[in-house]
Structures are given as C-alpha cells and as structure tokens.
Amino acid sequence: SMPTPEVRSACESVPGVQLVVNPPRAAEVLGAATVLVNPAPWSSGVNLKSLDMLHSGRPVVSTSMGVK
C-alpha cells in the first residue's frame, strides 16, 4: 500500500498511533495492535486484509468498500 502524505501526517500527529506499511510479517503487527484500520477506498472482491484483521480478534475500522 501507499499511504498518502496526508495519512502519514495524520498518523504522525497523534500520540500512540503507528502507521505500519507493508510489514514483512503481518501476523506480528496484527497481534500487537489495539485497533486495526483498513481505509480501502475501493474493492475488487474479497478484501483479504480485512479478513486477516478480523481473524486477529482485534477491533477493525474500515470503509464500506474495505469490508465487502
């Protein structure tokens, strides 16, 4: 993924928020998170990122496209 400069800036400005882009082992990031965010602006079928996030047992925040 390629977060926009606005997303990067927003994440940097909030204490406790960490933006992790394309981690080598997603399971480690998902397991360590308090809340997971998938801001998908479009969908082209099942969103595997959302499924992985839901499988982690953590709360997931997404757009309507991110959970199709």
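Predicted model: local features only at pLDDT ≥ 70, side-chain atom pairs only at ≥ 80, totals over all residues.
The side chains of asparagine 38 and serine 50 are joined by a polar contact of 2.8 Å, where a polar contact is a pair of N or O atoms within 3.5 Å, of which, within protein, one must be able to donate a hydrogen and the other to accept it, and residues adjacent in sequence count only if both atoms are side-chain atoms. Residues are numbered from 1 along each chain as its sequence is written, and side-chain values use heavy atoms, with hydrogens and water left out.

Where do the two partners sit? Asparagine 38 belongs to strand 1 (residues 36-38), and serine 50 lies in helix 3 (residues 48-55); helices (H or I, at least four residues) and strands (E, at least two) are DSSP runs, numbered from the N terminus. Serine 50 counts as buried because its relative accessibility is 4%, and asparagine 38 is buried as well, with a relative accessible area of 6%, given that buried means under 20% relative accessible area, exposed over 50%, and partly exposed in between (1.4 Å probe, protein chains only).

If we leave aside neighbours within four places in sequence, serine 50 is in contact (heavy atoms within 4.5 Å) with Asn38, Ser62, Gly66 and Val67. On the same terms, the contacts of asparagine 38 include Ser50, Met53, Val61 and Gly66.

Together with Val35 and Val37, Val61 makes a nonpolar surface patch of about 250 Å².

Turning to charge, how many salt bridges does the structure hold? There is one, and it pairs the side chains of glutamate 28 and arginine 25 at 3.0 Å, N to O, a salt bridge being a side-chain nitrogen of Lys or Arg within 4 Å of a carboxyl oxygen of Asp or Glu. In general, side chains of opposite charge can pair when their charged atoms come close. Here both glutamate 28 and arginine 25 are exposed.

Finally, a backbone detail: asparagine 22, in the loop between helix 1 (5-12) and helix 2 (26-32), has a phi near 50°, a positive value in a residue other than glycine. Asparagine 22 counts as exposed, because its relative accessibility is 51%.

Terms used
Patch = residues over 30% accessible without salt bridge, like charges linked within 9 Å, V, L, I, M, F, W, Y side chains within 5 Å. Areas by Shrake-Rupley, 256 points an atom, 1.4 Å probe, with all protein chains shown as cover.
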